[in-house]
Amino acid sequence: MFIGPVRFDVELRQLVNTESAQALKLSNIEFLVINELISSRGQVVSTESMCALLLPKVVTAQDITIAITNIKAFLGANTASMIEVVTNQGYLLHVKSRTLQMHSSPYAAFSIKQFSLLLLLGVMLVIFLATHFKTTENIHFSLPEQILLDGKSSVLVPIYSSDEELDSYQSKFREVAIKLEQCETLTWDKIYTSASPAGDMLHFVMQVEVDKAIKFENLKVLNVGESWDFINDSWLQEYGLCE
Amino acid sequence: MNNPLQRELFIGFRSTPILITLIFILGLCMALDYFVEPNEDVKLACSSNSYDHNLSRPQHSGLRFEIERIGSSVELKMTYLNDHKDLVSVSGIGTLVEISAPVLTYEVQLDSAALKSDLQQEVYEPHMQETVQLVKKSITNGAAGQGEAFYIKVLEMDKTTGFVTIQLNERNALWACKIL
(Lines give C-alpha, C1' and ligand atoms only; values in the text may rest on other atoms or scores of the structure.)
Protein backbone atom coordinates (compact mmCIF):
# COMPACT_ATOMS: atom_id res chain seq x y z
CA MET A 1 0.00 0.00 0.00
CA PHE A 2 1.43 3.28 -1.09
CA ILE A 3 0.89 6.87 -0.21
CA GLY A 4 2.70 8.55 -3.05
CA PRO A 5 6.25 7.18 -3.01
CA VAL A 6 5.86 6.01 0.60
CA ARG A 7 5.05 2.35 1.17
CA PHE A 8 3.06 1.27 4.22
CA ASP A 9 4.49 -1.98 5.57
CA VAL A 10 1.81 -3.54 7.72
CA GLU A 11 3.90 -6.43 8.93
CA LEU A 12 6.84 -4.32 10.06
CA ARG A 13 4.52 -1.51 11.13
CA GLN A 14 6.57 1.11 9.38
CA LEU A 15 6.52 3.61 6.52
CA VAL A 16 9.24 3.34 3.91
CA ASN A 17 10.12 6.10 1.51
CA THR A 18 11.02 4.32 -1.71
CA GLU A 19 12.85 7.36 -3.09
CA SER A 20 15.10 8.12 -0.14
CA ALA A 21 15.04 4.59 1.36
CA GLN A 22 14.26 6.03 4.76
CA ALA A 23 11.87 4.32 7.16
CA LEU A 24 9.71 5.43 10.06
CA LYS A 25 8.81 2.97 12.77
CA LEU A 26 5.22 3.69 13.69
CA SER A 27 3.85 3.94 17.19
CA ASN A 28 0.58 2.13 18.00
CA ILE A 29 -1.50 5.22 17.53
CA GLU A 30 0.28 6.19 14.30
CA PHE A 31 -0.11 2.65 12.93
CA LEU A 32 -3.84 2.50 13.66
CA VAL A 33 -4.40 5.99 12.27
CA ILE A 34 -2.59 5.32 8.99
CA ASN A 35 -4.14 1.87 8.68
CA GLU A 36 -7.62 3.33 9.15
CA LEU A 37 -6.98 6.13 6.65
CA ILE A 38 -5.67 3.70 4.02
CA SER A 39 -8.56 1.31 4.49
CA SER A 40 -11.04 4.21 4.13
CA ARG A 41 -9.11 5.96 1.38
CA GLY A 42 -11.08 8.71 -0.31
CA GLN A 43 -13.43 8.97 2.66
CA VAL A 44 -13.38 11.15 5.74
CA VAL A 45 -12.48 9.27 8.87
CA SER A 46 -13.72 10.92 12.04
CA THR A 47 -11.41 11.53 15.00
CA GLU A 48 -13.93 9.85 17.29
CA SER A 49 -13.94 6.62 15.26
CA MET A 50 -10.13 6.50 15.38
CA CYS A 51 -10.19 7.04 19.14
CA ALA A 52 -12.74 4.19 19.46
CA LEU A 53 -10.45 1.82 17.55
CA LEU A 54 -7.78 2.20 20.21
CA LEU A 55 -10.07 1.30 23.12
CA PRO A 56 -9.61 0.27 25.87
CA LYS A 57 -6.57 2.56 25.67
CA VAL A 58 -7.76 6.11 26.23
CA VAL A 59 -6.70 8.27 23.27
CA THR A 60 -7.61 11.92 22.88
CA ALA A 61 -8.06 13.99 19.73
CA GLN A 62 -4.81 15.70 20.63
CA ASP A 63 -3.00 12.34 20.38
CA ILE A 64 -4.50 11.73 16.94
CA THR A 65 -3.37 15.20 15.80
CA ILE A 66 0.19 14.52 16.98
CA ALA A 67 0.20 11.17 15.15
CA ILE A 68 -1.02 12.79 11.91
CA THR A 69 1.62 15.53 12.27
CA ASN A 70 4.37 12.92 12.64
CA ILE A 71 3.14 10.94 9.64
CA LYS A 72 2.89 14.08 7.48
CA ALA A 73 6.37 15.14 8.53
CA PHE A 74 7.72 11.82 7.27
CA LEU A 75 5.72 11.91 4.03
CA GLY A 76 7.32 15.20 3.04
CA ALA A 77 5.77 18.41 1.73
CA ASN A 78 4.47 17.01 -1.57
CA THR A 79 2.97 13.76 -0.32
CA ALA A 80 1.70 15.18 3.00
CA SER A 81 -0.93 17.16 1.15
CA MET A 82 -2.64 13.84 0.36
CA ILE A 83 -3.77 13.80 3.99
CA GLU A 84 -6.34 16.55 4.40
CA VAL A 85 -7.64 17.85 7.69
CA VAL A 86 -11.41 18.23 7.32
CA THR A 87 -12.50 20.77 9.90
CA ASN A 88 -14.87 19.46 12.59
CA GLN A 89 -15.06 16.09 10.83
CA GLY A 90 -11.74 14.30 10.78
CA TYR A 91 -9.11 13.32 8.24
CA LEU A 92 -9.17 12.33 4.60
CA LEU A 93 -6.52 10.44 2.66
CA HIS A 94 -6.83 11.33 -1.00
CA VAL A 95 -6.55 8.64 -3.64
CA LYS A 96 -4.33 10.78 -5.88
CA SER A 97 -1.81 13.45 -5.14
CA ARG A 98 -3.38 16.93 -5.31
CA THR A 99 -0.05 18.62 -5.54
CA LEU A 100 -0.01 21.62 -7.85
CA GLN A 101 3.16 22.12 -9.71
CA MET A 102 4.72 25.29 -8.42
CA HIS A 103 6.81 27.47 -10.60
CA SER A 104 9.75 29.52 -9.53
CA SER A 105 8.33 32.62 -11.28
CA PRO A 106 4.91 33.60 -12.64
CA TYR A 107 6.33 33.73 -16.16
CA ALA A 108 7.21 30.03 -16.02
CA ALA A 109 3.51 29.16 -16.23
CA PHE A 110 3.13 31.16 -19.40
CA SER A 111 4.55 30.25 -22.78
CA ILE A 112 6.67 32.73 -24.69
CA LYS A 113 4.26 32.44 -27.60
CA GLN A 114 1.28 33.33 -25.42
CA PHE A 115 3.17 36.10 -23.66
CA SER A 116 4.15 37.59 -27.03
CA LEU A 117 0.55 37.38 -28.25
CA LEU A 118 -0.72 39.02 -25.06
CA LEU A 119 1.87 41.77 -25.35
CA LEU A 120 1.00 42.34 -29.02
CA LEU A 121 -2.71 42.54 -28.22
CA GLY A 122 -2.02 44.96 -25.39
CA VAL A 123 0.03 47.22 -27.65
CA MET A 124 -2.63 47.07 -30.37
CA LEU A 125 -5.32 47.98 -27.84
CA VAL A 126 -3.31 50.95 -26.59
CA ILE A 127 -2.64 52.17 -30.15
CA PHE A 128 -6.28 51.70 -31.06
CA LEU A 129 -7.56 53.58 -28.02
CA ALA A 130 -5.01 56.37 -28.41
CA THR A 131 -5.79 56.95 -32.07
CA HIS A 132 -9.57 56.53 -32.05
CA PHE A 133 -10.78 58.10 -28.85
CA LYS A 134 -9.91 61.77 -28.77
CA THR A 135 -11.76 64.04 -26.42
CA THR A 136 -12.65 67.55 -27.41
CA GLU A 137 -15.23 68.24 -24.74
CA ASN A 138 -13.79 71.45 -23.41
CA ILE A 139 -10.84 73.38 -24.75
CA HIS A 140 -9.04 76.07 -22.86
CA PHE A 141 -6.45 77.42 -25.20
CA SER A 142 -3.18 78.59 -23.76
CA LEU A 143 -2.66 81.94 -25.40
CA PRO A 144 0.68 83.59 -25.94
CA GLU A 145 -0.28 86.97 -24.55
CA GLN A 146 -2.94 87.96 -22.08
CA ILE A 147 -2.90 91.57 -20.98
CA LEU A 148 -4.16 91.76 -17.41
CA LEU A 149 -6.04 95.02 -17.11
CA ASP A 150 -4.66 96.99 -14.20
CA GLY A 151 -7.17 97.44 -11.40
CA LYS A 152 -9.60 95.01 -13.07
CA SER A 153 -10.02 91.28 -12.93
CA SER A 154 -10.28 91.14 -16.71
CA VAL A 155 -7.85 90.28 -19.47
CA LEU A 156 -7.47 91.49 -23.03
CA VAL A 157 -6.30 88.69 -25.32
CA PRO A 158 -4.94 89.79 -28.70
CA ILE A 159 -4.87 87.00 -31.30
CA TYR A 160 -2.28 87.29 -34.02
CA SER A 161 -2.14 85.02 -37.05
CA SER A 162 1.48 85.85 -37.88
CA ASP A 163 4.61 87.47 -36.47
CA GLU A 164 4.07 90.40 -38.86
CA GLU A 165 0.69 91.06 -37.27
CA LEU A 166 2.27 90.88 -33.85
CA ASP A 167 4.82 93.53 -34.80
CA SER A 168 2.20 95.74 -36.44
CA TYR A 169 -0.54 95.65 -33.84
CA GLN A 170 0.94 94.75 -30.48
CA SER A 171 1.49 98.36 -29.42
CA LYS A 172 -1.97 99.36 -30.64
CA PHE A 173 -3.67 96.61 -28.64
CA ARG A 174 -1.71 97.69 -25.58
CA GLU A 175 -3.10 101.20 -26.05
CA VAL A 176 -6.59 99.70 -26.23
CA ALA A 177 -5.82 97.88 -22.96
CA ILE A 178 -4.86 101.20 -21.32
CA LYS A 179 -8.15 102.73 -22.49
CA LEU A 180 -10.09 99.77 -21.12
CA GLU A 181 -8.31 100.15 -17.80
CA GLN A 182 -9.68 103.71 -17.64
CA CYS A 183 -13.26 102.45 -17.81
CA GLU A 184 -15.18 102.86 -14.58
CA THR A 185 -16.69 99.40 -14.83
CA LEU A 186 -15.68 96.53 -17.04
CA THR A 187 -18.25 93.78 -17.11
CA TRP A 188 -16.32 91.29 -19.22
CA ASP A 189 -13.93 88.67 -17.83
CA LYS A 190 -12.12 88.21 -21.09
CA ILE A 191 -11.96 90.19 -24.30
CA TYR A 192 -10.44 88.50 -27.34
CA THR A 193 -9.39 90.85 -30.08
CA SER A 194 -7.74 90.59 -33.47
CA ALA A 195 -7.06 92.69 -36.53
CA SER A 196 -7.26 91.63 -40.15
CA PRO A 197 -3.88 91.43 -41.90
CA ALA A 198 -4.73 94.58 -43.93
CA GLY A 199 -5.72 96.37 -40.76
CA ASP A 200 -9.12 97.41 -42.05
CA MET A 201 -11.16 95.28 -39.67
CA LEU A 202 -11.07 94.72 -35.92
CA HIS A 203 -12.75 91.85 -34.16
CA PHE A 204 -13.77 91.82 -30.52
CA VAL A 205 -15.18 88.82 -28.66
CA MET A 206 -16.30 89.63 -25.12
CA GLN A 207 -17.26 87.02 -22.58
CA VAL A 208 -18.22 86.84 -18.95
CA GLU A 209 -19.27 83.97 -16.72
CA VAL A 210 -22.61 84.56 -15.03
CA ASP A 211 -24.10 81.82 -12.82
CA LYS A 212 -21.92 79.14 -14.41
CA ALA A 213 -23.10 80.19 -17.88
CA ILE A 214 -21.08 82.09 -20.43
CA LYS A 215 -22.51 85.34 -21.74
CA PHE A 216 -20.77 86.63 -24.84
CA GLU A 217 -20.95 89.29 -27.53
CA ASN A 218 -19.19 89.91 -30.83
CA LEU A 219 -18.26 93.27 -32.29
CA LYS A 220 -16.82 93.93 -35.74
CA VAL A 221 -15.22 97.30 -36.51
CA LEU A 222 -15.19 97.95 -40.25
CA ASN A 223 -13.15 100.28 -42.42
CA VAL A 224 -10.56 100.91 -39.77
CA GLY A 225 -7.79 103.25 -40.84
CA GLU A 226 -4.24 103.65 -39.63
CA SER A 227 -5.35 105.48 -36.52
CA TRP A 228 -7.32 103.78 -33.76
CA ASP A 229 -8.01 107.08 -32.02
CA PHE A 230 -11.76 106.57 -32.40
CA ILE A 231 -11.45 103.99 -29.62
CA ASN A 232 -12.06 106.22 -26.65
CA ASP A 233 -14.07 106.07 -23.46
CA SER A 234 -17.38 107.05 -25.06
CA TRP A 235 -16.91 104.65 -27.98
CA LEU A 236 -16.07 101.80 -25.62
CA GLN A 237 -19.22 102.56 -23.65
CA GLU A 238 -21.40 102.93 -26.73
CA TYR A 239 -20.36 99.53 -28.09
CA GLY A 240 -20.61 97.73 -24.79
CA LEU A 241 -16.97 97.07 -24.04
CA CYS A 242 -17.28 98.96 -20.78
CA GLU A 243 -19.97 100.74 -18.79
CA MET B 1 14.90 19.98 -22.72
CA ASN B 2 13.31 20.65 -19.37
CA ASN B 3 12.23 24.20 -20.18
CA PRO B 4 8.95 25.03 -18.39
CA LEU B 5 8.22 27.81 -20.86
CA GLN B 6 8.10 25.32 -23.68
CA ARG B 7 6.88 22.24 -21.83
CA GLU B 8 4.05 23.43 -19.62
CA LEU B 9 1.91 25.87 -21.52
CA PHE B 10 -1.16 26.04 -19.37
CA ILE B 11 -0.18 24.85 -15.90
CA GLY B 12 -0.88 27.32 -13.12
CA PHE B 13 -2.37 29.99 -15.37
CA ARG B 14 -5.36 29.62 -17.60
CA SER B 15 -4.20 32.03 -20.25
CA THR B 16 -6.37 30.89 -23.12
CA PRO B 17 -9.62 32.48 -21.80
CA ILE B 18 -7.76 35.75 -21.20
CA LEU B 19 -6.34 35.76 -24.71
CA ILE B 20 -9.73 34.92 -26.20
CA THR B 21 -11.32 37.73 -24.16
CA LEU B 22 -8.69 40.23 -25.29
CA ILE B 23 -9.08 39.20 -28.93
CA PHE B 24 -12.85 39.55 -28.55
CA ILE B 25 -12.55 43.04 -27.00
CA LEU B 26 -10.15 44.17 -29.73
CA GLY B 27 -12.43 42.78 -32.41
CA LEU B 28 -15.44 44.45 -30.84
CA CYS B 29 -13.63 47.82 -30.69
CA MET B 30 -12.61 47.53 -34.35
CA ALA B 31 -16.07 46.47 -35.42
CA LEU B 32 -17.70 49.34 -33.51
CA ASP B 33 -15.20 51.78 -34.96
CA TYR B 34 -15.91 50.49 -38.47
CA PHE B 35 -19.68 50.25 -38.29
CA VAL B 36 -20.73 52.99 -35.86
CA GLU B 37 -20.39 56.54 -37.11
CA PRO B 38 -20.10 58.93 -34.17
CA ASN B 39 -22.49 61.80 -34.55
CA GLU B 40 -20.27 64.84 -34.69
CA ASP B 41 -22.75 66.99 -36.55
CA VAL B 42 -22.81 70.47 -35.15
CA LYS B 43 -24.34 73.83 -35.90
CA LEU B 44 -22.85 77.09 -34.74
CA ALA B 45 -24.72 80.38 -34.78
CA CYS B 46 -22.78 83.58 -34.34
CA SER B 47 -24.04 87.13 -34.45
CA SER B 48 -22.24 90.40 -34.11
CA ASN B 49 -22.82 94.09 -33.96
CA SER B 50 -20.75 96.11 -36.36
CA TYR B 51 -19.36 99.58 -36.36
CA ASP B 52 -18.34 101.21 -39.61
CA HIS B 53 -15.63 103.74 -38.95
CA ASN B 54 -16.45 105.58 -42.21
CA LEU B 55 -20.00 106.33 -41.17
CA SER B 56 -20.49 109.07 -38.66
CA ARG B 57 -24.22 108.54 -38.16
CA PRO B 58 -25.60 106.07 -35.58
CA GLN B 59 -25.57 102.55 -36.95
CA HIS B 60 -27.77 99.53 -36.41
CA SER B 61 -25.87 97.11 -38.54
CA GLY B 62 -24.52 93.71 -37.81
CA LEU B 63 -23.36 90.38 -39.12
CA ARG B 64 -24.59 86.85 -38.71
CA PHE B 65 -22.36 83.87 -39.33
CA GLU B 66 -23.60 80.30 -39.36
CA ILE B 67 -21.65 77.10 -39.69
CA GLU B 68 -23.25 73.71 -40.01
CA ARG B 69 -21.41 70.45 -40.23
CA ILE B 70 -23.21 67.30 -41.32
CA GLY B 71 -20.79 64.43 -41.63
CA SER B 72 -17.97 65.67 -43.80
CA SER B 73 -20.09 68.35 -45.42
CA VAL B 74 -19.79 71.92 -44.17
CA GLU B 75 -22.09 74.80 -44.93
CA LEU B 76 -21.16 78.38 -44.15
CA LYS B 77 -23.31 81.45 -44.39
CA MET B 78 -22.33 85.06 -43.72
CA THR B 79 -25.14 87.60 -43.64
CA TYR B 80 -24.82 91.37 -43.44
CA LEU B 81 -27.69 93.02 -41.61
CA ASN B 82 -29.06 96.50 -41.32
CA ASP B 83 -31.90 97.34 -38.96
CA HIS B 84 -32.27 93.59 -38.38
CA LYS B 85 -32.94 93.01 -42.07
CA ASP B 86 -30.78 90.82 -44.25
CA LEU B 87 -28.89 92.90 -46.81
CA VAL B 88 -26.41 90.55 -48.39
CA SER B 89 -25.70 86.93 -47.66
CA VAL B 90 -22.82 84.86 -48.95
CA SER B 91 -23.10 81.14 -48.49
CA GLY B 92 -20.83 78.30 -49.39
CA ILE B 93 -20.90 74.55 -49.25
CA GLY B 94 -17.72 72.62 -48.82
CA THR B 95 -16.02 69.56 -47.48
CA LEU B 96 -14.30 68.98 -44.20
CA VAL B 97 -10.87 67.88 -45.34
CA GLU B 98 -9.13 67.29 -42.04
CA ILE B 99 -9.37 67.80 -38.31
CA SER B 100 -6.00 68.32 -36.69
CA ALA B 101 -4.50 68.88 -33.27
CA PRO B 102 -3.13 70.12 -30.89
CA VAL B 103 -5.21 73.27 -31.42
CA LEU B 104 -8.42 71.77 -32.75
CA THR B 105 -8.38 72.94 -36.35
CA TYR B 106 -10.88 72.19 -39.10
CA GLU B 107 -9.62 72.39 -42.66
CA VAL B 108 -12.48 73.23 -45.01
CA GLN B 109 -12.53 73.19 -48.79
CA LEU B 110 -15.33 75.16 -50.43
CA ASP B 111 -16.94 73.54 -53.45
CA SER B 112 -19.66 76.01 -54.36
CA ALA B 113 -21.02 79.34 -53.22
CA ALA B 114 -24.03 81.57 -53.68
CA LEU B 115 -24.62 85.26 -53.25
CA LYS B 116 -27.97 86.70 -52.32
CA SER B 117 -28.54 90.42 -52.20
CA ASP B 118 -31.50 92.55 -51.23
CA LEU B 119 -29.72 95.74 -52.14
CA GLN B 120 -31.56 97.86 -54.66
CA GLN B 121 -28.29 98.72 -56.31
CA GLU B 122 -25.63 96.08 -56.67
CA VAL B 123 -23.05 98.25 -54.98
CA TYR B 124 -21.41 96.48 -52.10
CA GLU B 125 -19.59 97.97 -49.19
CA PRO B 126 -15.84 97.25 -49.30
CA HIS B 127 -16.00 94.66 -46.52
CA MET B 128 -18.87 92.86 -48.28
CA GLN B 129 -16.94 92.96 -51.50
CA GLU B 130 -13.93 91.54 -49.71
CA THR B 131 -15.97 88.65 -48.33
CA VAL B 132 -17.25 87.85 -51.81
CA GLN B 133 -13.70 87.92 -53.16
CA LEU B 134 -12.51 85.66 -50.38
CA VAL B 135 -15.19 83.10 -51.16
CA LYS B 136 -14.36 83.27 -54.87
CA LYS B 137 -10.70 82.76 -54.07
CA SER B 138 -11.54 79.81 -51.84
CA ILE B 139 -13.36 78.12 -54.69
CA THR B 140 -11.09 78.81 -57.63
CA ASN B 141 -7.57 79.52 -56.39
CA GLY B 142 -6.54 76.04 -55.37
CA ALA B 143 -4.42 73.59 -57.26
CA ALA B 144 -5.92 71.37 -59.99
CA GLY B 145 -9.03 73.46 -60.26
CA GLN B 146 -9.95 72.94 -56.66
CA GLY B 147 -10.53 75.59 -54.08
CA GLU B 148 -8.05 76.91 -51.58
CA ALA B 149 -8.70 75.45 -48.18
CA PHE B 150 -9.20 77.66 -45.16
CA TYR B 151 -8.95 76.86 -41.49
CA ILE B 152 -11.22 77.23 -38.51
CA LYS B 153 -9.41 77.03 -35.18
CA VAL B 154 -11.26 76.38 -31.95
CA LEU B 155 -9.78 78.69 -29.34
CA GLU B 156 -12.16 77.84 -26.54
CA MET B 157 -15.13 75.52 -26.28
CA ASP B 158 -17.48 74.55 -23.51
CA LYS B 159 -20.19 72.15 -24.61
CA THR B 160 -21.91 72.22 -21.24
CA THR B 161 -22.61 75.95 -21.53
CA GLY B 162 -22.96 75.69 -25.32
CA PHE B 163 -20.46 78.22 -26.53
CA VAL B 164 -17.35 78.19 -28.66
CA THR B 165 -14.79 80.79 -29.67
CA ILE B 166 -13.30 80.25 -33.10
CA GLN B 167 -10.70 81.91 -35.28
CA LEU B 168 -10.84 81.88 -39.07
CA ASN B 169 -7.47 82.17 -40.73
CA GLU B 170 -8.95 84.34 -43.46
CA ARG B 171 -8.77 87.94 -42.23
CA ASN B 172 -7.91 86.60 -38.76
CA ALA B 173 -11.59 86.78 -37.85
CA LEU B 174 -12.81 85.92 -34.34
CA TRP B 175 -16.28 84.72 -33.50
CA ALA B 176 -17.97 83.60 -30.31
CA CYS B 177 -20.83 81.30 -31.25
CA LYS B 178 -23.65 79.35 -29.73
CA ILE B 179 -23.57 75.60 -30.22
CA LEU B 180 -27.03 74.56 -31.37
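Helices here are DSSP runs of H or I with at least four residues, and strands are E runs of at least two, numbered from the N terminus. The model is predicted.

**Whole chain.** Start with chain A and colour by secondary structure. Chain A holds 6 helices and 13 strands. Now colour by burial. Of its 243 residues, 24% are buried. Turn to contacts between residues at least 6 apart in sequence: 47% of these join residues at least 24 apart.

**The helix pair.** Select residues 28-39 of chain A, helix α1, and residues 61-80 of chain A, helix α3. Their axes come within 9 Å and cross at roughly 80°. Angles of 65 to 115 degrees count as roughly perpendicular, so α1(A) and α3(A) are roughly perpendicular to each other. Next, show side chains at the contact. From α1(A), pick Ile29(A), Glu30(A), Val33(A) and Ile34(A). From α3(A), pick Asp63(A), Ile64(A), Ala67(A), Ile68(A), Asn70(A) and Ile71(A). By class, this contact has 7 nonpolar, 1 polar and 2 charged residues.

**Strand β7.** Move to residues 90-93 of chain A, strand β7. Zoom in on Ser46(A): its bridge partner in β7(A) is Gly90(A).

**The turn.** Which residue takes a positive phi in the hairpin of β6(A) and β7(A)? Select the 3 residues between the strands. Asn88(A) is the one, with phi near 60°.

Notes
Residues numbered from 1 in each chain as written. Chains lettered and ligands numbered in written order. Predicted model: local features only at pLDDT ≥ 70, side-chain atom pairs only at ≥ 80, totals over all residues. Buried ≥ 20, exposed ≤ 12 C-beta atoms within 10 Å, placed from the backbone. Contact = placed C-beta atoms within 7 Å. Axes fitted to C-alpha atoms, helices over the stretch in contact; angles between N-to-C directions. Parallel < 35°, antiparallel > 145°, perpendicular 65-115°, else oblique. Nonpolar A, V, L, I, M, F, W, Y, C, P; charged D, E, K, R; others polar. Pairing = 2+ DSSP bridges.
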